[in-house]
Amino acid sequence: MNPDRVFRWLMLVFLVVAIAGLANDFFPKMFPAIVNGHPMSEVIASLVTAGAAVAAALTAYFGLTTWKKERDADFAKALAAEMYRYRQSLHAIRLPFLTSTDLDFFEEKKVPDQIDRKVRLYRWRRSREVLNDVNALLAEAELRWPSDIANAFEPVKKIEREFTNDVTRYGVLEKRHGALCDMQRSGQISDEQWNKEFDKDAGERLELEGKLNDSFNDDDAFRNRIDAAFVPMKALLRTKI
């Protein structure tokens with residue numbers, strides 16, 4: 001049953017009863033059945049009082065419901081903004097070029113010779129900071145919409161776990177490759193040994209590089225998967241705003 005429709009009908013009944021009561025007071029000769037002293041007048045008075053109480057209660061109820069909806073809408077907007085920040089931070093991990101933020105960080109840490117080797121791990125850590133902000137809001141969202149939020153966020157959790165595994169593994173391979181190059185330059189291993197060791201990880205490194213580098217094409221598979229993972233959350237929050 002639509003609560004707004006019930007409220008309108010009750011207000012209409014209350015208005016009719018109130019009009020009848022006024023008619024009894026000002027025009028008793030026109031309404032002989034409800035003149036003063038007639039039992040019907042007491043019934044009308046009781047109905048007017050009860051109607052006023054019901055109207056006040058309904059007004060309070062619908063006012064509280066409206067306030068809750070507005071609070072939910074404000075919260076949903078805040079969560080949507082953090083979800084957008086997090087999605088952009090995941091895309092930033094795959095940028096195939098260094099940003100000013102990357103350069104500032106590595107200049108501050110004084111590790112310019114390790115930029116290529118460290119940049120994705122650094123970006124991933126930044127995305128985790130944004131995720132912490134998202135998780136703080138999700139804790140409240142579970143209280144507001146317990147049956148919806150977990151299912152909506154699950155695809156994002158899956159893509160985050162995949163990202164974590166890929167970035168971590170790629171970091172291991174990059175560190176191994178860097179150490180191998182250092183050994184070759186220092187003469188600790190021959191070119192033949194270097195080629196043999198390089199070939200062990202070459203296929204996996206190439207695959208991960210392709211996955212962790214955004215091609216900026218419309219058919220970039222991993223970028224599209226990231227966007228798709230956020231669709232359920234967007235759909236849920238749209239219903240709350």
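Predicted model: local features only at pLDDT ≥ 70, side-chain atom pairs only at ≥ 80, totals over all residues.
Reader: Which pattern does the chain follow when read along the sequence?

Author: The chain has zero strands and eight helices. Read along the sequence, these elements give the pattern α-α-α-α-α-α-α-α.

Reader: What percentage of the residues of the chain count as buried?

Author: A residue counts as buried when its relative accessible area is under 20%. The chain has 241 residues, and the part that counts as buried is 32%.

Reader: Is Ser 89 buried or exposed?

Author: Ser 89 lies in helix H2, which covers residues 39-93. Leaving aside neighbours within four places in sequence, Ser 89 is in contact with Ser 127 and Val 130. The relative accessibility of Ser 89 is 12%, and buried means under 20%. Ser 89 therefore counts as buried.

Reader: How many Å apart in space are Glu 82 and Asn 135, C-alpha to C-alpha?

Author: Glu 82 is also placed in helix H2, and with a relative accessible area of 17% it is buried. Not counting residues up to four places away in sequence, Glu 82 touches Val 130, Asp 133, Val 134 and Leu 137. Along the sequence, Glu 82 and Asn 135 are 53 residues apart, while in space their C-alpha to C-alpha distance is 9.6 Å.

Reader: At what angle do helix H5 and helix H7 pack?

Author: Two packed helices are described by the distance between their axes and by the angle between those axes. For H5 (residues 149-185) and H7 (residues 221-229), the axes are 8 Å apart, and the angle is about 145 degrees.

Reader: How many charged residues belong to the contact of H5 with H7?

Author: From H5, the residues Pro 155, Val 156, Ile 159, Glu 162 and Phe 163 meet Phe 222, Arg 225, Ile 226 and Ala 229 of H7. Seven of the residues in this contact are nonpolar and none is polar, and the number of charged residues is two.

Reader: Within what arc do the buried residues of H8 fall, seen down its axis?

Author: Helix H8 spans residues 231-240, and Met 233, Leu 236 and Leu 237 are buried in it. These buried residues line one face of the helix, because, seen down the axis of H8, they fall within an arc of 95 degrees.

Reader: Which residues are exposed on the other side of H8?

Author: A residue is exposed when its relative accessible area is over 50%. On the other side of H8, the exposed residues are Arg 238 and Thr 239.

Conventions
Residues numbered from 1 in each chain as written. Heavy atoms only, no water. Axes fitted to C-alpha atoms, helices over the stretch in contact; angles between N-to-C directions. Helix = DSSP H or I, 4+ residues; strand = E, 2+ residues; numbered from the N terminus. Contact = heavy atoms within 4.5 Å. Nonpolar A, V, L, I, M, F, W, Y, C, P; charged D, E, K, R; others polar. Buried < 20%, exposed > 50% of the residue type's maximum accessible area, 1.4 Å probe, protein only. Arc of directions from axis to C-beta.
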